[in-house]
Structure formats: structure tokens, C-alpha cells
Amino acid sequence: MGTHPEVPLLDLQAQYETLRSEMEEAVRSVFESQRFILGDEVRALEQEIAAYCDAPHAIGCASGSDALLLALMALDVGPGDQVLLPTYTFFATAGSVARLGAEPVFVDIDPATYNVDPDSLARAASGCSRLAAVMPVHLYGQVCDLDALERFAGERGLPIIEDAAQAIGARDAEGRAAGSRPNIACFSFFPSKNLGGAGDGGMITCHDEALADKLAVLRVHGSKPKYHHQLVGINSRLDALQAAVLRVKLRHLERWHLARAENADRYEDLFRKAGAVDSRTPLADGGLPLRVPSRPAPPARHVFNQYVLRVPAQLRDPLREHLGGQGVGSEVYYPIPLHAQACFQTGQPSPALPVSEAAALETIAIPIYPELRAEQIEHVATCTVDFLERNA
Ligand SMILES: *Cc1c(COP(=O)(O)O)cnc(C)c1O
């Protein structure tokens, strides 16, 4: 038995070691202040995130899930309303809609990018009578086709809420940052995101001042002035400790994005040498049964919150098991499309959303975190290619 490097899916310890002293100082200063909720640290983070995302307003809140919920609340989405969103995403995208008594209307994805397919969006919309919003997702760190979505939404007078939870710092086809378009965008600081806190946290960017004010009121139970309520809000405040931690990490975020992109380059190089092509080519077209992520051309930027491969369905779980045996962590994002979740069954048959259903069976995320070393990447690539060559 040879020894091999351990490669966890994510290694936050490796990142913490490079930040320890900065972090201790930031956390100590919050303790010295004994001001733990909102306050100056949160305000400073909001300004820094607004500048980073090139958005006029940013409002901190308790999580990315709450960011989505607050955005919908601010648009007065409620019972009977319909919201278009991809079925292939994290649960919170649809959960936020359902929590308000509104109906998530599930849309299929593009097989190359895993983001909303504009044609499927138009088909789903044609069966709707109470559309209130469109909620696309920038999955894995790649901005969806916002030009097509804005055209679609503009023609129908619908607001867009971008679920940018995985995409802080990502750039669209024109090189504009996620959050910089005149939509509402929702970000998450869950520890596994590219900018992750020491716990939960979230942020909403928007372009309209009245909307920004409303979001800031909704996150404190709708209270303005204190103890006076025109609106029923929720408690979704961002902690000063989280803001202090995130402000330290924000200073390193560009470097981490670059390191993730370099890791993606290394993987791509190794996989292509072994015969892989990118996800624009269907698996059925042959060659080594491995598809690497399709990357947008600059100035667009994928920030690789996840690096997701595609393999034939019958090899996906055996590959995961093989990788696990070689010390390599992996995950499936996401094994069950949301339209197939028990909580969203309506008694009517679900619509066919075949691209998402296939992706749920064929995708596997491998380690991409910034601190990965070259030999770890080589180990992951070698294990993956060896397994596929033996079993294809
Ligand atoms: C992480 C995530 C969320 C939710 O963010 P939390 O901060 O965990 O609540 C929402 N949507 C997507 C696509 C996510 O990846």
C-alpha cells in the first residue's frame, strides 16, 4: 500500500492557519466593544461588500436563506404568487418562496452551465397566471445568462432576485460583478462559500434606495422607529462578530478566487490530457466519460465555489466510493432536484425537467479550495482518471 495525500472536500483549517493573528485581533476588538448585533462592524462590512459587488446598497442579515426570504418579503410576494426558479439548486432557493405561501415554479437548466435555461423558463412561464418574480441561481460560482433573463423579466414587468449565494465576486459576460445589475442579489456567508464566516451570515445588494430601507426595516421585525411597526418583519440581524471575521476575509478574497481558478486550470489540464472534454459535449458523444466544467470566456469569471465533474450515472457513486478509499472527499450538489422533493408534491404529476434529473445522477464535486497543493490535485485527478479508464 502506497501512501497518498488526504484531500478533504474542503479544508478550512488550512485557511485559518494563514489568518489566525488577523482574526484574533478582529474578534478581540468586538469583545472589547461588547456590541454584538449590527452596529459599526456590520455597517462597515455592508459598505465594503457594496463596493466589492459594485452595488449602491448592501444590507446584512442572518443567512443567505434569510436574504432570499427578505428579498421576497420586500417585494410583497405572498400566498398565491408564483416565482420561477431552477429545480437544480440548494433547497433554500425554493424554501424561501414556499415559506411565504407562494408557489415555486420549477424550471430546467442548461446542461453545460447548470444554470437556468431561458427556453425552459419561457415554457414554464406560459403556464403561469400569477407570476411575481424570477429567481435565477448563479450555481457553483458562475453567473447565469442574465441578459436573457433580464429581457424575459423586462417584457413581463417581473423583478429578478439573483440567488448569488455561491457567486460573490463572479463576473458576467460583460465583466460585471454579481450584484452590480439593477436586480436584487442575495449572498451567503455560510462557512463553505468563497467568503465564509464563523457561522451563518448573509447579505442583500440592491439598487433602489427605498427598497434598501425596506429591507433594513424588515430584518428588525419591521420596526421603524423603534417599537413602531408598519410592517411585519423577522429577526434576521447580522452579528458584529461575523462582520468582523468577514471583513478580515474579504481582504483575501481576490487571492482565493485566483487560487481556485488556478486549481481549476490544473485539473482541466490533467483531465484534458486524459481525454476529457468540457460539459458542452454530452456524455453520450463518447471519449473518456468525463466532462469538466465549461468556463465562460473573459471578462466573465467563474469563482468555482464548487468544481463539478460529470460522469455516467452508473459510475458516479462507485467513483465517489473509490475516491473516498483514496482519501479524497467529494459531494453531490444536488442529488434530488427540488421538484422531486416530498414537500413540493402537489398531487399533480411533476413536470418533466430532464436536464436537471440527469445532472442529479451524473455530477460529482471534487476538492477545489484555494489552499490545495499541486500534489493533492494530481492525486485527485489520477484517482479519477484511473477509475474511469478501468470502468468505462
Ligand atoms: C448556501 C446557499 C443558500 C443559503 O445560504 P445560507 O447562508 O446557508 O442560508 C441559498 N442558495 C444557494 C444556491 C446556496 O448555495
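**View 1. Gln166 at the ligand.** A polar side-chain atom of Gln166 sits 2.8 Å from an oxygen atom of the ligand. The protein buries 93% of the 380 Å² that the ligand exposes when taken alone. Two elements give two or more residues each to the shell around the ligand: helix H3 (64-74) and helix H4 (91-99). The model shown in these views is predicted.

**View 2. The shell around the ligand.** There are 15 residues around the ligand. Ser65, Asp163, Gln166, Ser188 and Lys193 come nearest. What kinds of residue make up this shell: nonpolar, polar or charged? Eight are polar, five are nonpolar and two are charged.

View 3. Gly64 uses its backbone instead, with an N or O atom 2.8 Å from an oxygen atom of the ligand. Ser63 caps the N-terminal end of H3. A side-chain oxygen of Ser63 lies 3.3 Å from the backbone nitrogen of Ser65.

**View 4. Helix H3 within the structure.** Why is H3 largely enclosed by the rest of the structure? Of its 11 residues, 10 are buried, so the rest of the structure largely encloses it. Buried here means under 20% relative accessible area. The buried residues are Gly64, Asp66, Ala67, Leu68, Leu69, Leu70, Ala71, Leu72, Met73 and Ala74. After H3 comes Asp76, which has a positive phi, near 60°.

**View 5. The largest nonpolar core.** This core holds 50 residues. Which of them touch the most other members? They are Ile49, Leu84, Val134 and Ile168. Helices and strands both give two or more residues to the core; among them are helix H1 (12-33), helix H2 (39-53), strand S3 (103-107), strand S6 (184-188) and helix H8 (240-250). H8 supplies the largest share, seven residues.

**View 6. Leu84 and its contacts.** Look past the neighbours of Leu84 within four places in sequence. Leu84 is then in contact with Val105, Val107, Leu121, Ala124, Ala125, Leu131, Ala133, Val134, Met135 and Phe152. Leu84 and Val134 are both among the residues that touch the most other members of the largest nonpolar core.

Note on methods: Residues numbered from 1 in each chain as written. Predicted model: local features only at pLDDT ≥ 70, side-chain atom pairs only at ≥ 80, totals over all residues. Heavy atoms only, no water. Near = heavy atom within 4 Å. Polar contact = N/O pair within 3.5 Å; in protein donor to acceptor, adjacent residues only side chain to side chain. Areas by Shrake-Rupley, 256 points an atom, 1.4 Å probe, with all protein chains shown as cover. Helix = DSSP H or I, 4+ residues; strand = E, 2+ residues; numbered from the N terminus. Nonpolar A, V, L, I, M, F, W, Y, C, P; charged D, E, K, R; others polar. Buried < 20%, exposed > 50% of the residue type's maximum accessible area, 1.4 Å probe, protein only. Core = buried A, V, L, I, M, F, W, Y, C linked by side-chain atoms within 4.5 Å. Contact = heavy atoms within 4.5 Å.
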